[in-house]
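Me: I would like to understand the terms used for this structure. Could you take me through them one by one?

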Amino acid sequence: MTIKTIIFDLDGTLLSEEAAVQQAFDRTLAFLTVQQPQVNAAEVEQGVRRHAAALFTSYDFYDFAVQIGISALEGLWGAFDDGSLRFPQMASQIEAYRLNVWCAALEDVGLSDRRLAKILSLMFIAHRLEAAVTYEDTYPVLERLVGHYQLLLLTNGAPSLQRLKLKAAPELLQYFEKINISGGFGKGKPAPELFEHTLSLAQADPATTVMVGDQLFTDILGGNTAGIRTIWLNRTAKQGHEEVVPTASVRSLTEVAQWIENEEG
Ligand SMILES: [Mg+2]
């Protein structure tokens with residue numbers, strides 16, 4: 001059946017969170033290398049990534065963060081000043097989390113310096129806020145689809161955090177009729193209620209809608225459960241999963257556009 005509505009995921013689909021985070025690490029650690037030339041910056045980055053993953057799970061907000069779809073690395077830079085749900089609790093603990101992560105990473109390379117850790121944690125936030133890295137086919141594909149289809153954005157995360165990402169790439173906003181952020185709804189993908197909410201916001205029909213995303217267990221599982229067609233954007237040829245089968249698998253956004261246009265008629 002012809003497609004009328006396309007729901008896009010944001011991170012890893014239209015914006016590379018990975019590349020934006022890498023840019024923030026590179027710039028922050030370039031400063032550290034000037035301050036402390038003896039330090040191996042790559043080791044500090046690995047330490048921050050490792051300690052973030054481990055420490056994130058130890059805070060009271062962890063279960064909530066998982067439910068909404070907020071990662072340990074996002075915890076290093078988001079404001080979480082949403083004021084709703086359990087965001088106030090998260091906001092009250094997040095600075096301590098960041099400081100502890102950077103302190104632990106510096107200690108691993110023999111630097112016991114809370115002041116430096118604080119500076120690095122703030123620099124990382126500032127650099128990440130500036131970074132918005134789209135894929136080479138993000139804008140060409142949106143340009144190709146807009147006007148022909150109703151385009152929606154459905155993203156997991158804190159509204160404050162996802163809006164900061166979009167603020168760094170304001171050109172993206174013009175393409176979307178509706179933007180639904182899981183933290184504003186209270187449940188993240190794959191919750192079918194979130195998909196139903198998105199469809200009703202846009203008055204879209206599941207039978208003529210397709211979900212496009214890079215994550216099998218959020219985008220594809222949720223879309224499948226909600227009874228809409230799903231396109232798995234699998235850029236790096238990851239192994240699929242027998243229990244979560246997308247309607248189609250593609251390697252690029254350009255292939256997404258081709259697939260959708262082939263469904264015509
Ligand atoms: Mg994604």
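Reply: A residue is called buried if 20 or more other C-beta atoms, placed from the backbone, lie within 10 Å of its own, exposed if 12 or fewer do, and partly exposed in between. This is a predicted model, in which local features need pLDDT of at least 70 and side-chain atom pairs count only at pLDDT 80 or more, while totals for chains, interfaces and linings use all residues. Residues are numbered from 1 along each chain as its sequence is written.

Me: What makes β5 mostly covered?

Reply: Strands are DSSP runs of E with at least two residues, and helices are runs of H or I with at least four, both numbered from the N terminus. In β5, five of its five residues are buried. Both faces are covered, with R229, I231 and L233 buried on one side and T230 and W232 buried on the other.

Me: Why is Q203 called exposed?

Reply: Q203 has 10 other C-beta atoms within 10 Å, and therefore it counts as exposed. Q203 is placed in the loop between α9 and β4, and its phi is near 50 degrees, a positive value in a residue other than glycine.

Me: What makes A237 count as exposed?

Reply: A237 has 8 C-beta neighbours inside 10 Å, so it counts as exposed. A237 lies in the loop between β5 (229–233) and β6, and phi of A237 is near 55 degrees, again positive in a residue other than glycine.

Me: How do you know that β4 and β5 pair?

Reply: Two strands pair if DSSP finds at least two bridges between them, and β4 and β5 have four bridges, in the parallel sense. V212 stands opposite I231 in β5. Strand β1 (residues 5–8) and strand β4 (residues 209–213) also pair in the parallel sense over four bridges, with T5 opposite T209 in β4.

Me: What makes β3 and β6 edge strands?

Reply: The open sheet has six strands in the order β3-β2-β1-β4-β5-β6, with parallel pairing. Strands β3 (178–181) and β6 (248–250) each pair on one side only, and they are the edge strands.

Me: Why are α9 and α10 called roughly perpendicular?

Reply: Axes are lines fitted to C-alpha atoms, for helices over the stretch in contact, and angles run from 0 to 180 degrees between N-to-C directions. Angles under 35 degrees count as roughly parallel, over 145 as roughly antiparallel, 65 to 115 as roughly perpendicular and the rest as oblique. The axes of α9 (residues 192–201) and α10 (residues 216–225) come within 8 Å and cross at roughly 75 degrees, and the two helices are therefore roughly perpendicular to each other.

Me: Which residues make the contact of α9 with α10?

Reply: Residues are in contact if their C-beta atoms, placed from the backbone, lie within 7 Å. The contact is made by P192, L194 and F195 of α9 and G222, G223 and T225 of α10.

Me: How many residues does each domain give to the contact between them?

Reply: The domain bounds come from an automatic or database domain assignment, which gives domain 1 (5–16 + 134–262) and domain 2 (17–130). The contact takes 19 residues from domain 1 and 18 residues from domain 2. On the side of domain 1, α7 gives the most, with five residues.

Definitions and conventions:
Two residues are in contact if their C-beta atoms, placed from the backbone, lie within 7 Å.
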